[in-house]
Structure formats: structure tokens, C-alpha cells
Amino acid sequence: MRQPEMFVDKANPHKVCRLKKALYGLKQAGRKWNRKIDDILRSIGFERSFTDGCVYHRIKADNIAVIVLYVDDMLVACSSEKLIEGIVSDLNANVEAIDRGPIQYFLGMEISRDSPCGNIQLHQSRFTEELLKEWGMFDCKSSSTPLTCGTVLIKCENKNCSEFFDTQTYQSLIGSLAYLPMIYRSNIAHTVSKKAKHVLRYLKSTTKDILPYISNNDS
């Protein structure tokens, strides 16, 4: 790291600073943090999932705890509230951890719960509305289907086609749309790669769609 302005060593102006620990925003910061939080979670009895490195679990008799990790955000699910309090306390012994209460919004996914019945609803209404606003399609004419019946796409053979399209903008739109099927909008997965703008029109008509109830009483 270059010497900061106003603090340059006049005797050694061409030397750089050697970091003793990772700083936020630098390339190695993410890796260093992941190592640290992994060590902390393992020290309090959690095991890292073999199939998903962002999921940790701890099972002791009837006490079950699962942690989903996304950088420095955690989603904690336990078989009792007392377990959650204990985990937060253990985390605070190593880092500053804040319990924000029952989850309502996480990574673009909204969670609604009926606690007495144990039912959960998942939807992405907020994420979808923000997406429509970002691309200027919030007031667009909606579509009732993900893809128009009989649609035939023709490849542009003109070498100058790229002059009329902003590749970076298109990739940004596809990336945003591709995130929706990853959580629950699997009905648009095929169409996303073919007619992005039509998908936005379809999302306009189905913004409030939610998943059916997921109940802990279901088999």
C-alpha cells in the first residue's frame, strides 16, 4: 500500500506500507474475513456443509442450529429462541454481532411467517418492483405469459449489430433477471436468455406472486 498523502516518509518516499491485517475493500479482505468467521463458527461447535460452503450446522440431540452466511450477514435458524440467544452471545465474544430479530428480507427475498401455524411464505415483490423501476418498466404494459407463443428469434448476421446495442447494459439486465429464478421464479428461467424485455413485462403482471405456504406440518 502506498504511503498516504501528508504522511510520506521523506527519507524513503518510494517505499510502501506493509499491512499487518487486511483492510476493508482490499482484495485479500474477503478471504481473511471468511477464514476468521469460519474459525469462530467451528470453535463454537458448527460444521461447514460439504455441499455449500456458506451453510453451517450444529446438531446436539434435539437442539438444531443452522447458519447461512453471506459475507458478514447471517441467517440463523434454530429449534428454540434460547439457542439463538446463545449463538449471538458466542459470536459477540469474538466479533460485534447484532440480532436484528425475525427475518423479513434477505438477499432480495422477502419472508412472511404465520408463527402460530408454523407457515412461511417467500416472495420477491420488492426486488421485482425495484428491478422494474431501474429499467424504466414500472409503468409498462404487462404481459400474461413469460414468452409469447410462437416466438421465433432470428440471429443478426450484420457484423455491425453490436453498434446498436450496449453489451454491458444488456449483461446487467440479464444478470438481474437471472437472480429471480435462483430463488423461486423458475418459470422465467428459459425466457430470460431469449427476451429480456418481455420478461420485465411479465414480471409487471406477476409482481405480487408468492410461493404457496410452506408448513412444518407438511409431510
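A pocket here is an open set of points on a 1 Å grid over the protein atoms alone, with protein on both sides within 12 Å along at least five of seven lines. Its volume is the space filled by probe spheres set on the points, which are joined across faces, edges and corners.

Before you start clicking: this is a predicted model, where local features need pLDDT of at least 70, side-chain atom pairs count only at pLDDT 80 or more, and totals for chains, interfaces and linings use all residues. Residues are numbered from 1 along each chain as its sequence is written, and side-chain values use heavy atoms, without hydrogens and water.

**Stop one: the largest pocket.** Select Val68, Asp73, Met74, Leu75 and Val76, which lie nearest the centre of the largest pocket. About 1900 Å³ of space is found there, lined by 47 residues (lining means an atom within 4 Å of a point). Now colour α1 (29–43), a DSSP run of H or I with at least four residues: α1 gives the most to this lining, with 7 residues.

**Stop two: helix α4.** Next show Leu173, Ile174, Ser176, Leu177, Leu180 and Pro181, which are buried (under 20% relative accessible area, 1.4 Å probe, protein chains only). They cover an arc of only 160 degrees around the axis, so they sit on the same side of α4; the arc is taken from the directions from the helix axis to the C-beta atoms.

**Stop three: both faces.** Then turn to the face away from the buried side for Gln168, Gln171 and Met182, which are exposed (over 50%).

Methods:
1 Å grid on protein atoms, 1.4 Å probe; cavity = no way out; pocket = protein on both sides within 12 Å on 5 of 7 lines; lining within 4 Å. Helix = DSSP H or I, 4+ residues; strand = E, 2+ residues; numbered from the N terminus.
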